[in-house]
Amino acid sequence: MYTVCRYVCQSCLRTAAPLARRSHSTLVSPKSLTFSSFFFHNGYWNTPSKAPTPLPVPSNRRRIAQALPVGSASIANYKPTESLTPRRLLKVYAQLSKSRLTTLVVLTAMSGVALSPLPATVPVLLATALGTTLCSASANTLNQIQEVPLDAQMTRTRNRPLVRRAISPVHAAGFALVTGVAGPAILWTMVNPVTAILGVANIALYAGAYTYLKRTSIVNTWVGAVVGAIPPLMGWTACGGHLLPSSSYPIHTFLPSFLSDVPIDLAWIDNPLAAFALFMLLYSWQFPHFNALSHLLRGSYAQAGYHMLSTLSPSKNALVSLRHSLLLIPICSVLVPLSGLTTWAFALTSLVPNVVCTQAAWTFWRSTGEKEARNRAWTGCRG
């Protein structure tokens, strides 16, 4: 065994230098480093007019690769780093921003605009969507910059741009800085300061508190739920809605017509209770959905060293999922119509999907199995 290991190391040493010189890898560069080389990674935008000659695999490396177990990393799998063309750069930016997650964040912010009874203009709507997109892109990029060593250990995340060195950390930090400044600036100037402050708070919570707590405490899940529940509040405040009650904007309740004969005053439409209902709806919905997914990924989380409830106590993880599934029933059937966001007919129509989700969460808690977790995650997606 010692002879084989020494043979592999000597082979790597003989082939590493010529490989670095003949490829576009960023590990070794024959030129002096400049700021542009850090920012653009490979130092140029254009794809070479002539593709580099493929490197032959020496016979000794071929023999070693054949002797390794299937799936093992070997020096025969070497692949040169691609140059950053504008098209590839946009793709990398989308991956740093976690484009699918950012799309969901923007949609939840637009739900706050849609449910607000206050009027909103098209410029305000577009500015809210753009500002929220940039804030989410900055937060996700800062998160990935800090988690490169951990992402490299998980199958689900090992292909992210910073892990595979498709972009330099300095370049990624520059992208995070630009989007992190531009997003709140757009919200401040074209929407209102309250929405901008919520955007900055979300960047700080996600890239700061949540990212740090993932490596230290299971509280990270609760902090992450707060992060996910803030975008609807951004949509609500973008229309001019208030978050906190005051003498000018007190809390009003909208009882069913058969319980109250008091006519509804239009001045009640800006109700802080409605903003709280939006927050609680998104806050509680995330636990049944995420806890089921984290149960399926608990092996990867444990390998990377993340402190997740699904890895430390799968039974408690399923119990938290069940608790918030049950909590969604009074939120949707009582709090949401009581705040005036919808009519009381929503109390009945939302009851059916909530009962289905609760039944799936109950099954997941009783057995804590892979199949039950997958069913609970799927019902969460449909709900």
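The questions and answers below concern the helices, salt bridges and backbone angles of a predicted model.

Reader: How many helices and how many strands are there in the protein?
Author: Among the 383 residues of this predicted protein, buried residues make up 43%, and of the contacts with a separation of 6 or more, 74% are accounted for by residues 24 or more positions apart. As for secondary structure, the count is 17 helices and zero strands.

Reader: Is α9 roughly parallel or roughly antiparallel to α10?
Author: Two packed helices are described by the angle between their axes and the distance between the axes. For helix α9, residues 193-213, and helix α10, residues 220-238, the axes come within 9 Å and cross at roughly 170 degrees. Because angles over 145 degrees count as roughly antiparallel, α9 is, relative to α10, roughly antiparallel.

Reader: How many nonpolar, polar and charged residues does the contact of α9 with α10 have?
Author: On the α9 side the contact includes Val194, Leu198, Leu205, Tyr206 and Leu213, and on the α10 side the residues met include Val223, Val227, Ile230, Pro231 and Met234. Asn202 in α9 and Asn220 in α10 are also among the residues that meet there. Sorted by class, the contact of α9 with α10 has 15 nonpolar, six polar and no charged residues.

Reader: Which residues is Val223 in contact with, leaving aside its neighbours within four places in sequence?
Author: Val223 is placed in helix α10, and with a relative accessible area of 15% Val223 is buried. Its C-alpha atom is separated by 8.1 Å from that of Tyr206, a residue 17 residues apart along the chain. Leaving aside the neighbours within four places in sequence, the contacts of Val223 are Leu205, Ala209, Tyr210 and Leu213.

Reader: How far apart are the end C-alpha atoms of α10, and what span should its 19 residues have?
Author: Helix α10 is mostly covered, with 16 of its 19 residues buried, and just after α10 Gly240 takes a positive phi of about 100 degrees. The expected span is 1.5 Å times one less than the number of residues. At 1.5 Å a residue α10 should therefore span 27 Å, which agrees with the separation of its end C-alpha atoms, 28 Å.

Reader: Which side chain does Lys214 meet in a salt bridge?
Author: Lys214 lies in the loop between α9 and α10, where a relative accessible area of 9% makes it count as buried. Leaving aside neighbours within four places in sequence, Lys214 is in contact with Asn143, Glu147, Asn220, Tyr306, His307 and Met308. A search of the whole structure finds three salt bridges, and in one of them, at 3.1 Å from N to O, the side chain of Lys214 meets that of Glu147.

Reader: How many residues apart are Lys214 and Glu147, and where does each of them lie?
Author: Both Lys214 and Glu147 are buried. The pair links distant parts of the chain, since Lys214 is in the loop between α9 and α10 while Glu147 is in the loop between α6 (122-146) and α7 (148-151), the two being 67 residues apart.

Reader: Are Asp151 and Arg160 buried or exposed?
Author: The side chains of Asp151 and Arg160 meet in a salt bridge, with 3.1 Å from N to O. With buried meaning under 20% relative accessible area, both Asp151 and Arg160 are buried.

Reader: How many residues apart in sequence are the parts that Glu370 and Arg298 tie together?
Author: The side chains of Glu370 and Arg298 meet in a salt bridge at 2.7 Å, N to O. Glu370 is partly exposed, its relative accessible area being 34%, and Arg298 also counts as partly exposed, at 27% relative accessibility. Glu370 lies in helix α17 (residues 370-382) and Arg298 in helix α12 (residues 298-304), so the pair ties together parts whose separation in sequence is 72 residues.

Reader: What is the phi of Lys98, and what is that of Thr368?
Author: Most residues other than glycine have a negative phi. Neither residue is a glycine, yet phi is positive in both: for Lys98 near 50 degrees, and for Thr368 about 50 degrees.

Conventions: Residues are numbered from 1 along each chain as its sequence is written. This is a predicted model: local features need pLDDT of at least 70, side-chain atom pairs count only at pLDDT 80 or more; totals for chains, interfaces and linings use all residues. Side-chain values use heavy atoms; hydrogens and water are left out. Axes are lines fitted to C-alpha atoms, for helices over the stretch in contact, and angles run from 0 to 180 degrees between N-to-C directions. Helices (H or I, at least four residues) and strands (E, at least two) are DSSP runs, numbered from the N terminus. Angles under 35 degrees count as roughly parallel, over 145 as roughly antiparallel, 65 to 115 as roughly perpendicular and the rest as oblique. Contact means heavy atoms within 4.5 Å. Ala, Val, Leu, Ile, Met, Phe, Trp, Tyr, Cys and Pro count as nonpolar, Asp, Glu, Lys and Arg as charged, and the others, Gly among them, as polar. Buried means under 20% relative accessible area, exposed over 50%, partly exposed in between (1.4 Å probe, protein chains only). A salt bridge is a side-chain nitrogen of Lys or Arg within 4 Å of a carboxyl oxygen of Asp or Glu.
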